[in-house]
Amino acid sequence: MNDIDNLLEKYFNGLSSTEEEKRLKTYFEGTGILPEHEIYRPVFAAFNTEKQIKAPEMTFTEKKTRRPAITRHIIILLAGSAAIGLLAVAFSNLQYTRSQHPEYMVIVNGKQVVNQHKAQQYAEYMFSETDKIIENSYQLFREAATINQDLNAEKILKETDQKIECIKTNYKQ
Amino acid sequence: MKKLFSIMLITLVFSAVASAQQVEKLFDKYMEDERFNYIYRKGSAGSVLDRTDLENLKTDAFNIRFKSDRNKEKEKMLILNSANESFQKSFMAEVDKALESDKFENTSYVRNGKDNRVAEYIRKSSDKMEEVRVIENGSGNVVLKWELYTIKKK
């Protein structure tokens, strides 16, 4: 299964094509996964959510009004320059921030996931799964606390006293 | 005598500094090991939900960990997926030793079934707090999670 290993390496380095990603997803959705690839199964389970995310479409119902040709050209030119300028600034900041302080770092079986988007998805998924395990372990504490509360002798005696008082009052009447 | 005292003092300081970060050293040691997965996340950045939002979503004991009197700076995990039982044992021995030498306090220990356990360890200073969780099951899986918080000043 050298082929799958190569595809995995390309995938984690962000170099795989859509076709290759499809092949990997089909492989990990199937039943014939080799034991050495089992470790990657949660990764692809997490990445499967990618296809469910769809950007909402936006429609403009506003009526188009035609501006004079010269004004239109100036507006297009200015908007274009502004967009290029903004992109340049944003990109340089992003590059600086990432190189200085990476927000996510994921190393799967000795191989670093270079693609930040995939690293983020993987990290978020794994941290959330771990939190679920920890939360479930605290469930036992909660159950113990409830049992403790139910078996509180003082509470039981108080409730019994109240019941006796209630019976006494009803009997007198 | 003066010289000997200086050497002893330097050695003492050096050994104190060197032994103070044993848990972090474990992460450095195994992060690139093929038997492990290593995951790091900077606490305040990039997550879909802000940690304080989670207070409204979670309840009871779990909620305690997200109380807003502290900010999560960063967290990291080492996940061991090895069928090699003897390696799992030796790794766990290293974890226990590191926690002991870093003077972490064991605050909870949940044992569920024969081989499953979730243990929590905490170490506090005046402005920082570290939490370590160890999740272990008998089939060769160990998760070592480390979180660093800054305690907000009131």
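In which strand of chain B does B:Val132 lie? The residue belongs to strand S5 of chain B, where helices (H or I, at least four residues) and strands (E, at least two) are DSSP runs numbered from the N terminus. This is a predicted model, in which local features need pLDDT of at least 70 and side-chain atom pairs count only at pLDDT 80 or more, while totals for chains, interfaces and linings use all residues. Residues are numbered from 1 along each chain as its sequence is written, and chains are lettered from A and ligands numbered from 1 in the order in which they are written.

B:Val132 is buried, with 20 other C-beta atoms within 10 Å. The classes used here are buried for 20 or more other C-beta atoms within 10 Å of a residue's own, exposed for 12 or fewer, and partly exposed in between, with C-beta atoms placed from the backbone. Leaving aside residues up to four places away in sequence, B:Val132 touches B:Val23, B:Leu99, B:Phe104, B:Tyr121, B:Lys145 and B:Trp146; two residues are in contact if their C-beta atoms, placed from the backbone, lie within 7 Å. The C-alpha atoms of B:Val132 and B:Val23 are separated by 8.9 Å, although the two residues are 109 apart along the chain.

Chain B as a whole contains five helices and six strands, arranged along the sequence as α-α-β-α-α-β-α-β-β-β-β. Of its 154 residues, 21% count as buried. Among contacts in chain B with a separation of 6 or more, 55% come from residues 24 or more positions apart. Strands are taken to pair if DSSP finds at least two bridges between them. S1(B) and S2(B) pair in the antiparallel sense over seven bridges, and B:Phe36 has B:Leu80 in S2(B) as its bridge partner. S2(B) is also joined to S6(B), again antiparallel, by 11 bridges; here B:Leu78 stands opposite B:Leu144.

The two chains meet in a contact that takes 26 residues from chain B and 24 residues from chain A. On the side of chain B that touches chain A, two or more residues come from each of strand S1 (36–42), helix H4 (60–64), strand S2 (70–81), S3, strand S5 (128–137) and strand S6 (141–151). S1(B) gives the most, with six residues. By type, this side of chain B divides into 13 nonpolar, five polar and eight charged residues, where Ala, Val, Leu, Ile, Met, Phe, Trp, Tyr, Cys and Pro count as nonpolar, Asp, Glu, Lys and Arg as charged, and the others, Gly among them, as polar. Strand pairing also crosses between the chains: S1(A) and S1(B) run antiparallel and are joined by five bridges, with A:Val106 opposite B:Ile39.

Turning to confidence, chain A averages a pLDDT of 73, and 69% of the residues score at least 70; pLDDT is the predictor's confidence in each residue, from 0 to 100. Over residues 49–64 of chain A the pLDDT is below 50, and this stretch has zero contacts in the model beyond near neighbours in sequence. Among the elements of chain A, helix H4 (residues 69–100) has the lowest mean pLDDT (64), whereas strand S1 (residues 104–108) has the highest (91).

Two helices of chain A are worth a look. In helix H1 (residues 2–12), A:Leu8, A:Tyr11 and A:Phe12 are buried. They cover an arc of only 85 degrees around the axis, which puts them on the same side of H1(A); the arc is that of the directions from the helix axis to the C-beta atoms. An α-helix has 3.6 residues a turn, so residues three or four places apart point the same way. The face turned away from the buried side of H1(A) carries the exposed residues A:Asn2, A:Asp3, A:Asn6 and A:Glu9. H1(A) is followed by A:Gly14, whose phi is positive, near 70 degrees. The 20 residues of helix H6 (residues 153–172) should span 28 Å at 1.5 Å a residue, and the end C-alpha atoms are 29 Å apart, which agrees; the expected span is 1.5 Å times one less than the number of residues.

Backbone angles complete the picture. Most residues other than glycine have a negative phi. A:Asn109 is partly exposed, with 17 other C-beta atoms within 10 Å. In chain B, B:Lys103 has a positive phi near 60 degrees and sits in the loop between helix H5 (85–101) and strand S3 (105–112). B:Lys103 counts as exposed, with 11 C-beta neighbours inside 10 Å.
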